[in-house]
Amino acid sequence: MQSIWSQEISISQHGPLNNNIETDTAVIGGGLAGILIAYFLQQRGIPVVVLEAGRIGSGQTRNTTAKITSQHNLIYSKLIRNFGIERARQYAQANQAAIHAYRKIIQERHIDCDFEAIPAYLYTCTNPDLLKQEAEAAQCLGINANFTQEINLPFSVKGAVRFEDQAQFHPLKFLSNISEEVTVYEQTNVRTVDGNLLHTNHGNVKARHIVFATHYPFVNFPGMYFARMHQERSYVLALRHAQQLDGAYLGIDDDGCSFRNAGDLLLLGGGSHRTGINQAGGQYEALQKNAQIWYPNSTEVARWSAQDCIPIDDVPYIGRFARSKPNWFVATGFQKWGMTSSMVAATLLPDLIRGQPNAYAEVFSPQRFYLRASAKKLSANIGQFTKSLAKRAFGTPDLTLDKLPKEHGGVVSANGKKVGAYKDKTGKVYLVSVRCPHLGCELAWNPEERSWDCPCHGSRFDYTGKRISGPAQTDITLHAEPTK
């Protein structure tokens, strides 16, 4: 299941690292954040290389809905309440500046990436009071936002907040262009980092500064990002012969969907859930049912899913990785706003690397801790970690292997062990370890995408045990098929 962005462009390949090298800055991760950070460093004359385990843009960047917006759900009223008005203003200004930075680069480099200025809406079908509060909060922080009831969705709403001067684009067309300006080593997997030395599968890189732009940091200590984030999945359908909208829309209700046009297609998104908590499946089917109701003449041309890192206080971690590692930096926890947050990271981190002040550094600092903003999600993350470890140690299998239907997966007892099993349409069985190699949580079957997902920190593996995404760095063990 490929996104429409992946279907429409093929980015030029870059060769792997072929010897030991030394540089000023090494960026780990070749998604939009990593490439943009390297691009801005390069523009300032700082020697930099990007190390990407696969292909650039092959992770979360290709699965985004590619909205460039400072509208991040119900964020500003919470920020004012939990962080104070000055930090909330920093957040608002940083994201507004990111939109303008995209426009400037695209105009200066004449990038053909379907960039389009649009309004962005939050809407509700239930209680408009929260949106009225959000509009007031955004306005007091300097954002051009207003409450309205004038929208063109195919159903009635109780109200909406319209943010002016937002944008959308084709992320891979943009990425392809700016990646030409930086040195990238693809198929170069950073396995460990020891001080200022990065060990890869193709050699070592010595760097004065190291930036972790890997979506989710794979180094657990220091930093402890595994305790400060969880991951969520969400789903998208691309529809032909659906409605042309005047902007991008996001519902704030529990069952709310997102909408935005991409050329003659409509992108319909929703079904968000914590990674590893989707044993029943049905997310794509729910979107299909909505599409049939709202756009009965539409045709599905693509479907895909995305994964997002959710910080405990709703603000990304962009800055120094940890106090004990002054030359390590990180950009993570972008929630569902990876395009805007990538640009924020790209304009903030070069200042920190050069030892210069940045007006937005405090609100995004990974060393912050706001108890009021963090307590609920921190408690939930710790609880999920404890529950999953206990389930792996003491839980019983879901069913026996002979009861597992074809084209289904589950935790079973086989060969005297508790293992993960998937049975394909021919009856062939694939048995894997259900222990996540990251921190030992028990993996859960995801019927939506036929994968084994970690409910603690979001690592994912296909049914043969191959790693799809981290923070886990290795595959899970594939066991022999049980004897008959």
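The entries below follow my reading of this model, which is a predicted one.

**Entry 1: cysteines**

I began by searching the whole structure for disulfides, and the search turned up 1. The partners are Cys 441 and Cys 456, with their sulfur atoms 2.2 Å apart. I then looked up where each partner sits: Cys 441 is in the loop between β21 (429-432) and β22 (444-446), while Cys 456 is in the loop between β23 (451-453) and β24 (460-462). The two cysteines are 15 residues apart, and the pair links distant parts of the chain.

Which hand does this disulfide have? I found a torsion of about -100° about the S-S bond of Cys 441 and Cys 456, so I noted the disulfide as left-handed.

Cys 140 has 38% relative accessibility, which puts it in the partly exposed class. Cys 257 is buried, at a relative accessible area of 3%. Cys 257 takes part in no disulfide; I found its nearest cysteine sulfur, that of Cys 125, 9.5 Å away.

**Entry 2: strand β11**

I picked strand β11 (residues 229-240) and looked at its cover: 11 of its 12 residues are buried. Which strands does β11 pair with? Strand β15 (residues 299-311) runs antiparallel to β11, and 12 bridges join the two. Within that pairing I located Ala 238, which stands opposite Ala 302 in β15. Strand β14 (residues 265-274) also pairs with β11 in the antiparallel sense, over 8 bridges. Here I noted Arg 240, whose bridge partner in β14 is Leu 265.

A reminder to myself for reading the strands: in a regular strand, side chains alternate between the two faces of the sheet.

**Entry 3: nonpolar cores**

I turned to the largest nonpolar core, which has 84 residues. Which of them touch the most other members? They are Leu 36, Ile 37, Tyr 76, Phe 174 and Phe 364. Helix α4 (residues 85-109) gives the most to this core, contributing 10 residues.

I followed up on Phe 174. Leaving aside residues up to four places away in sequence, Phe 174 touches Leu 32, Leu 36, Tyr 102, Ile 105, Ile 106, Ile 111, Cys 113 and Phe 169. Another core lies apart from the largest one; it has 28 residues, among them Val 193, Tyr 225, Phe 226 and Ile 312.

**Entry 4: rings and charges**

I counted aromatic pairs and got 26. One of them is Phe 259 with Trp 294, a tilted pair at 5.6 Å centre to centre and 50° between the planes. Phe 259 is in strand β13 (residues 258-262) and Trp 294 in helix α7 (residues 283-294), 35 residues apart, so to speak a link between distant parts of the chain. I checked the cover of Phe 259 as well: its relative accessible area is 1%, so I wrote it down as buried.

I then found an aromatic cluster made up of Phe 212, Phe 218, Tyr 225, Tyr 317, Phe 321 and Trp 328. What sits over the ring of Tyr 225? The charged end of Arg 228 does, 4.4 Å from the ring centre.

Notes:
Residues numbered from 1 in each chain as written. Predicted model: local features only at pLDDT ≥ 70, side-chain atom pairs only at ≥ 80, totals over all residues. Heavy atoms only, no water. Disulfide = S-S within 2.5 Å. Helix = DSSP H or I, 4+ residues; strand = E, 2+ residues; numbered from the N terminus. Buried < 20%, exposed > 50% of the residue type's maximum accessible area, 1.4 Å probe, protein only. Pairing = 2+ DSSP bridges. Core = buried A, V, L, I, M, F, W, Y, C linked by side-chain atoms within 4.5 Å. Contact = heavy atoms within 4.5 Å. Phe/Tyr/Trp six-rings, centres within 6.5 Å; stacked < 30°, edge-to-face > 60°. Lys NZ or Arg CZ within 6 Å of the ring centre and 35° of its normal.
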